Amino acid sequence: VAAYDAVEDEQLEERPPVITIMGHVDHGKTSLLDKIRSAKVADKEAGGITQHVGAYQVEKDGKKITFVDTPGHEAFTEMRSRGAQATDIVIIVVAADDGVMPQTKEAISHTKAADVPMIIAVNKMDKPAANPDNVKAQLAEMGITPIDWGGEYEFVPVSAHTGMGIDDLLETILLQAEVMELEADPTRKAKAVVVESSLEKGFGPVANVIIKNGTLRVGDNAIVGKTFGRIKAIKLDDGTNVKEIGPSTPAAIVGLNEVPGAGETLIVTDSEKEARELAEKRAEYEREKQLSKSTK
Ligand code: GDP
């Protein structure tokens, strides 16, 4: 695959960062995702026709940020176990009144294991019992020392209820992304990661993907695991149909012959024949693996 991937004249361009939010249950992951979305998504959504595509994009100071909107570390670890890393930066949400809890620690250890940079969002700052210094002290004890205490981690106080600190959080994400120099080559055939998938009435198999590299176009032939097909439609999270999407863009795609698994990688092939043959080879390999297991 490495040789196949090597291209001589790469045309790298900056791409938006892809963010996953993790943290303890009830610390405000969903509320934060909702608040960011409602505060920052363009007005064209006013009509309310949205398509759930598993992630959404917001704009801040002319730059885009992609948020995976299935919070929790199950999705994150599942993707990682399949070798797909969809996330560039993890936001660890800690409620300022509750402090560090078991799932906070779990989320941090998953993020560290994946070697993904993290930003701490200290949420529920509107609560009278909020104690951000306690959160800092607890995390510093685990080696997650805040920048203002001489460490290397950004702590951003926020409130998903009042919207306080949301702009700071987005700015911090963009700063971190800048340091990372996230790039992709939009002139290449697309590679994407499946964040969710489903069978939908009237559409058939639908895969919610985020483009990792290249440009995905309607009419492209693609393979995802043992699944393949010709892309019939690409839908953005505002419900619009588009002909093509570039790096870090989330979308729902229609046209695969079966429902692919979350965390699988979509690869565009040169022809339908190539896609079908690759899919068949993979299916056969799976069958042989199963067979050798059952005869052991
Ligand atoms: P999740 O389990 O991490 O997704 O947490 P939720 O977003 O479902 O939030 C859990 C509870 O905390 C809900 O009752 C929210 O309304 C509340 N909550 C979330 N963020 C805030 C906040 O910034 N301030 C206050 N006061 N409550 C919050």
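Analyst: Thr227 is a buried residue, because its relative accessibility is 5% (buried is under 20% relative accessible area, exposed over 50%, partly exposed in between, with a 1.4 Å probe on protein chains only). The model is predicted, so local features need pLDDT of at least 70 and side-chain atom pairs pLDDT 80 or more, while totals for chains, interfaces and linings use all residues. Residues are numbered from 1 along each chain as its sequence is written, and side-chain values use heavy atoms, without hydrogens and water.

Thr227 belongs to strand 13, which covers residues 227–235 (strands are DSSP runs of E, at least two residues; helices are runs of H or I, at least four; both are numbered from the N terminus). Apart from neighbours within four places in sequence, the contacts of Thr227 are Ala222 and the residues Leu256, Asn257, Glu258, Val259 and Pro260 (contact means heavy atoms within 4.5 Å).

Pro250 sits in strand 16, residues 250–256. With neighbours within four places in sequence left aside, Pro250 touches Val53, Ala55, Tyr56, Gln57 and Thr66, and also Val209, Ile210 and Leu236. Between Pro250 and Thr20 there are 230 residues in sequence, yet the C-alpha to C-alpha distance is 13 Å.

Over the whole structure, a search gives two cavities of 30 Å³ or more (a cavity is a set of points on a 1 Å grid where a 1.4 Å probe fits but cannot get out, and lining residues have an atom within 4 Å of a point).

The largest cavity holds about 60 Å³ (the space filled by probe spheres set on the points). The lining of the largest cavity has five nonpolar and four polar residues, and no charged ones (Ala, Val, Leu, Ile, Met, Phe, Trp, Tyr, Cys and Pro are nonpolar, Asp, Glu, Lys and Arg charged, the others polar).

The second largest cavity has a volume of about 40 Å³. By class, the lining of the second largest cavity consists of five nonpolar, one polar and three charged residues.

Asp61 is in the loop between strand 3 (55–60) and strand 4 (63–68), and is exposed, because its relative accessible area is 60%. The phi angle of Asp61 is near 50 degrees, a positive value in a residue other than glycine. Lys124 also has a positive phi, near 65 degrees, and lies in the loop between strand 6 (118–123) and helix 5 (132–141).

Lys124 leads on to the ligand: an N or O atom in its side chain is 3.0 Å from an oxygen atom of the ligand. The side chain of Asp126 has an N or O atom 2.6 Å from a ligand nitrogen atom. A polar backbone atom of Ala160 is 2.8 Å from an oxygen atom of the ligand.

Terms used. 1 Å grid on protein atoms, 1.4 Å probe; cavity = no way out; pocket = protein on both sides within 12 Å on 5 of 7 lines; lining within 4 Å. Polar contact = N/O pair within 3.5 Å; in protein donor to acceptor, adjacent residues only side chain to side chain.
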